[in-house]
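Colleague: Hi! I'm new to this one, could you walk me through it?
Modeller: Happy to, let's bring it up and chat as we go.

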Amino acid sequence: MASSKGLNRNMLIAYGAMGLLGLFFLFPIAIMVIGSFKSDAVVISDQTSLSAFDPRPFEASDNYRAAADTGNYFKSLRVSVIVSGVIVVGGLIVNSLCGYALARLRFRGQRVLLSIVIALVIIPFEAIAVPLLLMMSEIEWTNTIRAQFLPFIAQPLYIFLFYSFFRGLPSELEEAAMIDGAGPYRTFWSVLFPLAKPAYASAAILSFLYSWGQFLWPVMITRTEDVRPLPIGLTFFRGQPPIQWADLMAFATMMVLPVIIVFVIFQRQFVQGVATSGLKG
Amino acid sequence: MQPATVDSSASDSRSPGNRSRARAGLAFSSPAVVLLTLFMVVPFGLAAVLSFTNRKLLSPLPTRWVGFDNYTDVLGDSGFWGALQNNLVFSAIVVPLQTGLALLLAVLVNQKLKGSVFFRTVYFVPITFSLSAASIIWLVLLNPSGMINTVMEVVTFGAFAPDWLNDPSYTMAAVIIVSLWASVGFQMVILLAALQDVPKTLYEAAAVDGASAWKRFRNVTVPGIRHQLFFVATITMILSFRLFDQVWIMPPRPGGPLDATNTIMVELVDTGFQRGQIGKGSSIAVLFFLIVLFLTIFQRKFEPAD
């Protein structure tokens, strides 16, 4: 180790670097929140001075009301909650059961299914969006909420994640349960499911972040405000001239705040979830 | 699921236990199989088939085969090549920049100084922002008289204050800044986990040998996390070809101005959805898939060996 003087200098450099980089990440969030409080007229013009961080003239209630009424925030929130809720919960059930079957049970076609799942991981949703749009249009499912969640419940990546997780567990646990007379269903619920909580947490967080931010598919499949998820609602709100920046910041704040709160509570799981898989950017 | 490839383990399912496990296997996997077939395998096959037809989303005319017309159309269109070029430029800048920044952040946070958990949180929070929200917020900061230009003018004594979103030379730069801000936290966390797995004894040995901090970084840290570095760089490259949300939302019009931020995904949505040309859009989708497939094979083939 270096001398204590050198150590201090290095620490100073490290803190300086961390702090400067921290500003880059925090400024936009501060501008969003503070901008949502003040008068529409000054959000942009205040940017040239420190008054960018001054929430006055304070018109928060006007801004948030505009986001809720003109921006239809709550209509979009409802859609996003349904879509993400079904994708996350449905996906956890469907993908974990399939991953478990592939890892632990023996059935006809198992190996083929495993290789198909692994191959499907490569296919990005964007590569199938256009024909899927045609399919949805043929069965008259465009502009519906179900068209926004059904294609995203089964995900090869999460099946593979659960498959790898269940493979890694010692088989003695299951064998003991089987010898005690528990069938495959009981064994899964009482022995494996409780052990797999970290895998469930990772899959839940990743699929929530992905589904909550989805943009390309709802651009193609939604037309009216009652089925618009939050990202689309935000862009439509912006499309109504004249642009009211403070109202937009209020909409954005209400859109990200629930996620930030969940993030702060489950930070450890978020970090682990991303670290274990690390997809999407 | 061809019967020709039934595996050996399925044939020994004569005992009641094995039979119930085989039934459970089918029952557990069937919901996923049904959904994957309907919403992935079928549309994927359709993309390939439709790309050889003139299918429209809404059209009174019957669909017919057009051979490779869609592909020659797309590949003969300067719009597609311009989009591909924009994707490549974006990728060439974002991959090294984002991987490098993620490594810097991970190394800084990994020093276990007082407050490093706080900074890790700060760098990671933008992950919770959907790209649409990030794009809208950055429009305020990147306004000609926004905070970024205010800082730029101070730093460059007024020499540099572009109109980020209306000047085609700078729009892609604006998109890149937003992309970095919104997603570098992902890469940081992956690299941070890797850093924490590098054996401490290696650092101690290097310190005993009198290696400088830089030498320890070059010879212990980087080799120790080379798998994850390679993974992060290649996955960022693959994802960069999906660039869509920012370039749809931020410029005065999607992909603009003057096609400066037009990407393959903008072409796909414009052709397949807005113009309703399902056949031609499908051919763009197939070409996009081939790019992703090529990059994925590259990733698996050149993964650093142990």
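Colleague: How do H10(B) and H13(B) run relative to each other?
Modeller: They are roughly antiparallel, because their axes cross at roughly 175°, and angles over 145 degrees count that way. The axes of helix H10 (residues 226-240) and helix H13 (residues 278-301) of chain B come within 10 Å. Keep in mind that this is a predicted model.

Colleague: Which residues meet there?
Modeller: From H10(B) you have Thr234(B), Met237(B) and Ile238(B). They meet Val292(B), Leu295(B), Thr296(B) and Gln299(B) in H13(B). By class, that contact has four nonpolar, three polar and no charged residues.

Colleague: Nice. Now the two chains: how many residues of chain B are in contact with chain A?
Modeller: In chain B there are 86 residues in contact with 86 residues of chain A. Helix H1 (residues 16-50) of chain B gives the most to chain B's side, with 22 residues.

Colleague: And what classes of residue are on that side of chain B?
Modeller: The side of chain B that touches chain A has 58 nonpolar, 24 polar and four charged residues.

Colleague: Let's switch to chain A. How many helices and strands does it have?
Modeller: Chain A has 14 helices and zero strands.

Colleague: What about its dimensions along the principal axes?
Modeller: The C-alpha trace of chain A spans about 70 × 70 × 30 Å along those axes. Its radius of gyration is 24 Å, while a compact globule of 281 residues would have one near 19 Å.

Colleague: How much of chain A is buried?
Modeller: Buried residues make up 47% of the 281 residues in chain A. As for contacts between residues at least 6 apart in sequence, 76% of those in chain A join residues at least 24 apart.

Colleague: Where are the domains in chain A?
Modeller: Domain 1 of chain A covers 4-58 and domain 2 covers 71-277. Their C-alpha centres lie 34 Å apart.

Colleague: How many residues of those two are in contact?
Modeller: Nine residues of domain 1 of chain A are in contact with eight residues of domain 2 of chain A. On the domain 1 side, that makes four nonpolar, three polar and two charged residues.

Colleague: And how is chain B divided?
Modeller: Chain B has domain 1 at 3-50 and domain 2 at 69-301. The C-alpha centres of those two domains of chain B lie 37 Å apart.

Colleague: Back to chain A for a moment. Why is H12(A) described as largely enclosed by the rest of the structure?
Modeller: Eight of the nine residues of H12(A) are buried, so this helix is largely enclosed. To count as buried, a residue needs 20 or more other C-beta atoms within 10 Å of its own.

Colleague: Which residues of H12(A) are the buried ones?
Modeller: They are Leu230(A), Pro231(A), Ile232(A), Gly233(A), Leu234(A), Thr235(A), Phe237(A) and Arg238(A).

Colleague: What do they pack against?
Modeller: In chain A, they pack against H3, helix H10 (197-213), helix H11 (216-221) and H13. In chain B, their partners are helix H5 (131-141) and H11.

Colleague: Which residues does one join in chain B?
Modeller: There, a cis peptide bond joins Gly256(B) and Pro257(B), and omega is about -15°. You can find Pro257(B) in the loop between helix H11 (245-249) and helix H12 (264-274) of chain B.

Colleague: I'm also curious about phi. What is phi of Asn72(A)?
Modeller: Asn72(A) has a phi near 55°, a positive value in a residue other than glycine. This residue lies in the loop between helix H2 (60-69) and helix H3 (73-104) of chain A. Asn72(A) is partly exposed, with 19 other C-beta atoms within 10 Å.

Colleague: And Lys112(B), where is that?
Modeller: Lys112(B) is in the loop between helix H3 (78-109) and helix H4 (116-124) of chain B. Lys112(B) is not a glycine, yet has a positive phi of about 60°.

Colleague: Does Lys112(B) count as buried or exposed?
Modeller: Lys112(B) counts as exposed, because there are 8 C-beta neighbours inside 10 Å and 12 or fewer is the cut-off.

Terms used:
Residues are numbered from 1 along each chain as its sequence is written. Chains are lettered from A and ligands numbered from 1 in the order in which they are written. This is a predicted model: local features need pLDDT of at least 70, side-chain atom pairs count only at pLDDT 80 or more; totals for chains, interfaces and linings use all residues. Two residues are in contact if their C-beta atoms, placed from the backbone, lie within 7 Å. Helices (H or I, at least four residues) and strands (E, at least two) are DSSP runs, numbered from the N terminus. Ala, Val, Leu, Ile, Met, Phe, Trp, Tyr, Cys and Pro count as nonpolar, Asp, Glu, Lys and Arg as charged, and the others, Gly among them, as polar. Domain bounds come from an automatic or database domain assignment. Axes are lines fitted to C-alpha atoms, for helices over the stretch in contact, and angles run from 0 to 180 degrees between N-to-C directions. Angles under 35 degrees count as roughly parallel, over 145 as roughly antiparallel, 65 to 115 as roughly perpendicular and the rest as oblique. The radius of gyration is taken over C-alpha atoms; the globule rule is 2.2 Å times the number of residues to the power 0.38.
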